Amino acid sequence: NADTNGFHFNGRFTNLQVDQNVIYNVGVAGISMQNGTSNSFIRDNVIFNAAHQGLEISDYPGDCAQFGQGGTGTICPYDETGNLFENNTVYMTQNDPTGGGAAVSPLGLRVVNNSVNNVGNLGGNTFRNNIFVGTGMGGHYPAVAYDQTNPNYLSSSIFTNNIFWSQDGATDPDTFGFGYANSSYGFQGYTCAQAASMTTLSGCMNVDPRFSQAN
């Protein structure tokens, strides 16, 4: 029930291990990794009902005097690569956990670079044996979304034996979002078959995980 993130790792971390946690009803992301988490391990976590995304990998300008970010300090964007995400269950609903009853459109995983000129590599990560459930919203908010198509962080990442599902999965087979669908909202959706030519992908399953209970 955190107002913002469940866990927020902001800055340069290596060999970080985040294992066996239950994170739910948070106002932003279940686990947020920003500006430098690399060569780390995120395993065996259960995340559900975050307002924006279950897992976040992102960079932002900070107050950085380097790399053309326009600041004067040392808070800078760095690579977020070489990470292993394994055996995690990420289940997003359309219920806003911060109250008010408003519907939201969260993602299971979001990868986005908000730094100036996209400084920092957000690719080269491995996702293995995870369950990602997004809200779908007619294909605009699938389970996993990469905001940028250039640079192409999706192409250098590896997805092995993951389940991808959308709340409206009966009519929405999209598993990945890659780039914005239009200027105002949502992502361009791709199925398992379509995504196979875009990333290293095997054992991609677009099936209902059939959870017995979701709170």
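**Basis of the report**

Contact here means heavy atoms within 4.5 Å. The structure is a predicted model, in which local features need pLDDT of at least 70 and side-chain atom pairs count only at pLDDT 80 or more, while totals for chains, interfaces and linings use all residues. Residues are numbered from 1 along each chain as its sequence is written, and side-chain values use heavy atoms, with hydrogens and water left out.

Leaving aside neighbours within four places in sequence, Ile31 is in contact with Phe7, Phe9, Val18, Ile23, Ile42, Asn45, Ile47, Gly54, Leu55 and Glu56. Ile31 also belongs to the largest nonpolar core, which has 32 residues; Ile31, Phe132 and Tyr146 touch the most other members. At least two residues of this core come from each of strands S4 (22-26), S5 (29-34), S8 (46-50), S9 (53-59), S14, S17 (144-146) and S20 (176-180). Apart from this core lies another, of 6 residues, including Phe48, Tyr91, Ile131 and Val133.

A nonpolar core is a set of buried Ala, Val, Leu, Ile, Met, Phe, Trp, Tyr and Cys residues joined through side-chain atoms within 4.5 Å. Buried means under 20% relative accessible area, exposed over 50%, and partly exposed in between (1.4 Å probe, protein chains only). Strands (E, at least two residues) are DSSP runs, numbered from the N terminus.

**Aromatic pairs**

The structure holds 15 aromatic pairs. Rings of Phe, Tyr and Trp (its six-membered ring) pair if their centres lie within 6.5 Å; planes under 30 degrees apart count as stacked, over 60 as edge-to-face and the rest as tilted. Phe85 and Phe127 are stacked, because their ring centres are 4.8 Å apart and their planes lie at 15 degrees. This pair links distant parts of the chain, with Phe85 in strand S12 (residues 84-86) and Phe127 in strand S15 (residues 126-128), 42 residues apart. Both Phe85 and Phe127 are buried.

Phe164 and Phe176 form a tilted pair, at 4.9 Å centre to centre and 45 degrees between the planes. Phe164 is in strand S19 (residues 163-166) and Phe176 in strand S20, 12 residues apart; both residues are buried. One aromatic cluster is formed by Phe85, Phe127, Phe132, Phe159, Phe164 and Phe176.

**Buried loop residues**

Ser157 is located in the loop between S17 and strand S18 (158-160). Ser157 counts as buried because its relative accessibility is 0%. Not counting residues up to four places away in sequence, Ser157 touches Gly123, Gly124, Asn125, Phe127, Tyr146, Thr199 and Thr200.

Val104 occupies the loop between strand S13 (89-91) and strand S14 (107-113), and its relative accessibility of 16% is why Val104 counts as buried.

Note on methods: Helix = DSSP H or I, 4+ residues; strand = E, 2+ residues; numbered from the N terminus.
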